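Student: Please show me the structure. Then let us go through it step by step.

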Amino acid sequence: MSEHMTFDAPRLSVPDRALSSARMKVGRAAWAARYYRSFSRDAVLAIAEAVARAGYEKAGHFADLAVAETGFGVVEHKKIKNELCTHTLLDHYRDLDLVTPRIDAERKIVELPKPAGVVFALAPATNPVATVYYKAMLAILSRNAIVISPHPVAKSVSVAAARHLAEAAEAAGAPSGLIQCVEEPSIPLVQDIMASDRINVIIATGGTAMVRAAYSSGNPALGVGPGNAVAYVDPSAGVDAAARCLVDSKSFDNSILCTNESVVLTLDSNRGNMERALRSAGAHVCNEADTDRLREYLFGKGSLNLAAIGKSATWIAERAGIRVSPSARILVPVVATPGQDDLLFREKLCPVLTLTSAVDFQQALTFAKHTARRGAGHSAAFHGDDTARLVRFSQEMPVYRVVVNAPCSQGAAGFATYLPPSFTIGTGFAGRSSVGENVGPQHLVQWTRIAYGKDVPADLSGIDLSAVSTDRATARAPVAAPPPERESFDRDALRQLILEELRSLQGAGK
Amino acid sequence: MFNYGYFAFDSKEDLLAKAAEYWNPGKVSFWKDAGTPMVIDRREGYFLYDMSGKRLIDLHLNGGTYNFGHRHPELVEVLKSGLDYFDMGNHWFPSVARAAFAEKLVKTAPHMKYAIFGSGGAEAVEIALKTARYATKRRKIVSIIKGYHGHSGLSVATGDERFSKIFLADRPDEFIQVPFNDEGALEEVLRNGDVAAFIVETIPATYGFPMPRDGYLKACQDLCHKYGTKFISDEVQTGLMRTGIMWGWQGYGLKPDIFVCGKGLGGGIYPISACMVDEDCGGWLIEDGAAHISTSGGSELGCVVGHHVIEMLQRPEVISNVHFVAEFFARGMAEMMKRHSDIFVGVRQRGVVLGLEFDHPEGAVAVSRALYENGVWAIFSSLDKRVLQFKPGVVLDVDLCQEILDRFDSAMPRARQLLKSGRRAA
């Protein structure tokens, strides 16, 4: 019997279709970007509105699918996150005009917006749909095309969500191919596309290795790494309010956001109060034995037990062998002294919040700094009214966001604060990233500056900038058969016509 | 020194001399005289490199043979992988590659029943004409004036006399030609009820891609059915997504009894062609399956490549890309026509099949030369030298499309100059 009769493996080697199709997606995105880059502000906002509406309508549906596919997080919280990336995100950026040229008559400078072109975006498993929504919206607002590579464990829901948004965008007049998602992501595929000279910028949200790979690709990248947020509760804080924030933040989507607190730190004098307040806010505060069990369950093999990511407190407690009330919202292991080596001080991405306390503020600060290095450049929280300490804390900590008297999960991501709403939290130089802010559409546009000599006359009011961005209708009108010139140019009617034509074109291809 | 390991040439001139001496002196001198003395050395993607090192963007694509560009890495990988297992195969026997490829092809055109393989377009046409004769028991074949279906015995007789008379291969008694876009003329010859088939390119390529008038092809098909004649679509240049849809006839609402495809079917790396027939026409495959035999037709390697070509063409990204390229050149050429309206007078287009009309009997010859000098290779239509065949590939990217248009624009003044001197000479 030949070996071929005993094995079912293909007898011929087959080219990697997923890779080939991903490369073609990039080509298609380049076409879309070419047309989209000259869309007018009205046309861009119309597409953004349509996508926000479509995303909002199915936020719950995709939340369901995401939890079913990945096993991470809480459906109702994911629904909220998805929703936040629709109308809320759009409202935040509605007045940030990245389309219209800017004229500074006094400085004799005219600025023309130049979108990046093709954005290649990596999405994590933890926030799959919210990230697809969020990055697609960023691309739309900045007039870029986007190809999203989801995390393999969340690929089905990511593809479905991206397709849903793409259909809404196209129906609202966007070029076909503006929003695409890789169906079969893999590490070689991501590396290949990241290194491709056909993409213009990478937005990498994910693990350290992925972010470093993005920066090593040779392409411009906005990479943001993991966090390990420390919440400092100063004795000047109301412990009950602080505890409520912490429990709300840690239980939100089972702590799947990288902005969630990993460690809560207070002073020894305040620890008893803190424990009591956390208990009344719904936390299970562990005794020494429970703390050991939890450490063993989460970090027994040296690194974080991936099974625990995004699971509920009771689910984790059961597996760790801890008896908790069914209403326990988070687990709080207690490490009496703030040393550096306890594994429970690492990022956990599950509703486990390590409580520790320092002898004084100086020790607290030193410990907080060291802990934050494991998620350098990310976020921290401060609870209390002592602004002097707040400033010192913020100055010393290697983070770019300090959320004050609010849940850090939602605060640093811009949903419980006035920070820009974002699922890509810039970890800046401290986190070896090029961007330290919450990433927004402005990071995907660069500007050509027309600068007159200081002493030469310049009549900027006479400059005609109407050709810089055109209405979709005029941009897409088929030149082969130009519409008859009319005195009253009915833009909407024409747009409708073109939409219909595009639809029929797509229909013909099916 | 051009050392290829197996053979070597001192220079391009050396090669041209040898080619004229041993291969084809007529072709060698023709291209020299035309001002486009290309000898393709390296080739990659949509680029050709002349032996001189000059790079040309290929818009000739040999009629769509290089639809995916030259040596598309994915297709090369498929062929290499095929060579680890298959060879041409034994055409007498059923084969996995042939069965799989035939099924793949038939599924693209559900009213078809069988795929019969050849190694080139002419062979597929030959099969089509023989099949029509079998099915109708009639002998006469009608084609259009300036039509083109290949150079083998039956196929060449359907075409222009330039290619048949020289070999005494014209057979006017059995092969009748009618004007294109004139269904009345077709009906005249069908009326006697003795015509086996009407064969027509969905858009006649060598004639310069004149567009069929609205309803013309459908009317021809209906007339054929009325008079018991088989309607054969020659899809060698219009198939494989080149008109924006897998088969050109689909876009015209047709259901040909037989259609043929070739060229790009083998991805430009392994020759293969196919004649697709419906159940009625395919009767001979039951009666005597060995009535037509071809040692290299339906080579298993070609089937493996062809199978992958169809799979690639069916990807949504490719379909979308074809539409983008088509739309780009529709707009771009309209713009070019405005800028160069003194010489550039018309665009015939369907998908990525374009014929550009110039206002001079030999206009396209001059434009071809001017484009060549500007790094673009596009060929004139052999049977209407006013028209340049302009055939972008299906996976061209946006930057290269823009470059083509920019080069086209730069070539126009040179074309104008060539045409002026030509006019004076004429």
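**Helix H14 of chain A**

Tutor: Helix H14 of chain A, residues 361-372, has twelve residues. Helices here are DSSP runs of H or I, at least four residues, and strands are runs of E, at least two, numbered from the N terminus. From first C-alpha to last, H14 of chain A reaches 16 Å, close to the 16 Å expected at 1.5 Å a residue. That expected span is 1.5 Å times one less than the number of residues. This is a predicted model: local features need pLDDT of at least 70, side-chain atom pairs count only at pLDDT 80 or more, and totals for chains, interfaces and linings use all residues. Residues are numbered from 1 along each chain as its sequence is written, while chains are lettered from A and ligands numbered from 1 in the order in which they are written.

Student: Which residues of H14(A) are buried?

Tutor: Buried means 20 or more other C-beta atoms within 10 Å of a residue's own, with C-beta atoms placed from the backbone. In H14(A) that holds for A:Ala364, A:Phe367, A:Ala368, A:Thr371 and A:Ala372.

Student: Which helix gives the most to the side of chain A that touches chain B?

Tutor: Contact means C-beta atoms, placed from the backbone, within 7 Å. Chain A puts in 21 residues and chain B 24. With nine residues, the helix that gives the most on chain A's side is H2(A).

Note on methods. A residue is buried if 20 or more other C-beta atoms lie within 10 Å of its own, exposed if 12 or fewer, and partly exposed in between; C-beta atoms are placed from the backbone. Two residues are in contact if their C-beta atoms, placed from the backbone, lie within 7 Å.
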